[in-house]
Amino acid sequence: MVLLRRVIGDALRARRQGQHRTLREVSSAANVSLGYLSEIERGQKEPSSELLAAICDALGARLSELLREVSDHVALAEQMPGVLVPVVEQAAEPTPVPAAAVRKATNRGVRQVTSDGAVAVQVRQDSPLKATLRSTRVRSKDRDVVCAA
C-alpha cells in the first residue's frame, strides 16, 4: 500500500532541496515548526490543506502543481499489480522497462519497476501492509534507463 502522506512528503522535500533551502528556512516562511515540517517531509504526519498551502506558498509553488505531481506518482503506482487497488479505467499501458533495469532493481530488493516515459516508479514491499514507493523523473536522454540509484 502506498501512503499518500509519504508521496506528499517526498514531493515537498524534492522541491525544497531543489531550491537548496533548509528546513529552517521553509518552516519559518510557512510559519510551521521545523520538527513538524520534518515529520511531514518524512511522511510521518499528514498536513491539513491549509498547512499544505502555506508550505507550497513558502516554496513558491502552487498547491495544484504539487497535487498534480503527487497524483501522477500515485497513478503510476496504480498500474503496478499488488501495490494499489486497480482502477476501473486506465488511460494507457505503462512503458515496458528494460530487463537490465529490472535485474538492477531486483538486486536491490525492489519488487517492481515501471515507467510512463516521464516518471519511473520503484516499489519495495517492506511488509505485507507497507510498501515504499520511489519515483524519479526520467530525463529525455535517459528514457531507456528508468531505475534510479
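## Helices α1 and α5

Helices α1 and α5 cross in a right-handed sense. The model that shows this is predicted. Helix α1 spans residues 4-18, and helix α5 spans residues 63-78. Their axes lie 10 Å apart, and the packing angle is about 125°. The two helices are therefore oblique to each other.

Which residues make the contact between α1 and α5? From α1 come L4, V7, I8, A11, L12 and R15. From α5 come E65, L66, E69, V70, H73 and V74. By class, this contact has 8 nonpolar residues, 1 polar residue and 3 charged residues.

E69 and R15 are both part of the contact. Their side chains also meet in a salt bridge, at 3.4 Å from N to O. E69 belongs to helix α5 and R15 to helix α1, so this pair ties together parts that are 54 residues apart in sequence.

Are the two partners buried or exposed? E69 has 12% relative accessibility, so E69 counts as buried. R15 has a relative accessible area of 24% and is partly exposed.

## E41 and its two partners

The side chain of E41 meets that of R13 in a salt bridge, at 3.7 Å from N to O.

How accessible is each residue? E41 has 4% relative accessibility and therefore counts as buried. R16 is buried too. R13 has 21% relative accessibility, so R13 counts as partly exposed. The cut-off for buried is under 20% relative accessible area.

How many salt bridges does a search of the whole structure find? The search finds 5. Some of them join into a network that links D10, R13, R16 and E41.

Methods. Residues are numbered from 1 along each chain as its sequence is written. This is a predicted model: local features need pLDDT of at least 70, side-chain atom pairs count only at pLDDT 80 or more; totals for chains, interfaces and linings use all residues. Side-chain values use heavy atoms; hydrogens and water are left out. Axes are lines fitted to C-alpha atoms, for helices over the stretch in contact, and angles run from 0 to 180 degrees between N-to-C directions. Helices (H or I, at least four residues) and strands (E, at least two) are DSSP runs, numbered from the N terminus. Angles under 35 degrees count as roughly parallel, over 145 as roughly antiparallel, 65 to 115 as roughly perpendicular and the rest as oblique. A crossing is left-handed if the near helix is turned anticlockwise from the far one by less than a right angle, and right-handed if clockwise. Contact means heavy atoms within 4.5 Å. Ala, Val, Leu, Ile, Met, Phe, Trp, Tyr, Cys and Pro count as nonpolar, Asp, Glu, Lys and Arg as charged, and the others, Gly among them, as polar. A salt bridge is a side-chain nitrogen of Lys or Arg within 4 Å of a carboxyl oxygen of Asp or Glu. Buried means under 20% relative accessible area, exposed over 50%, partly exposed in between (1.4 Å probe, protein chains only).
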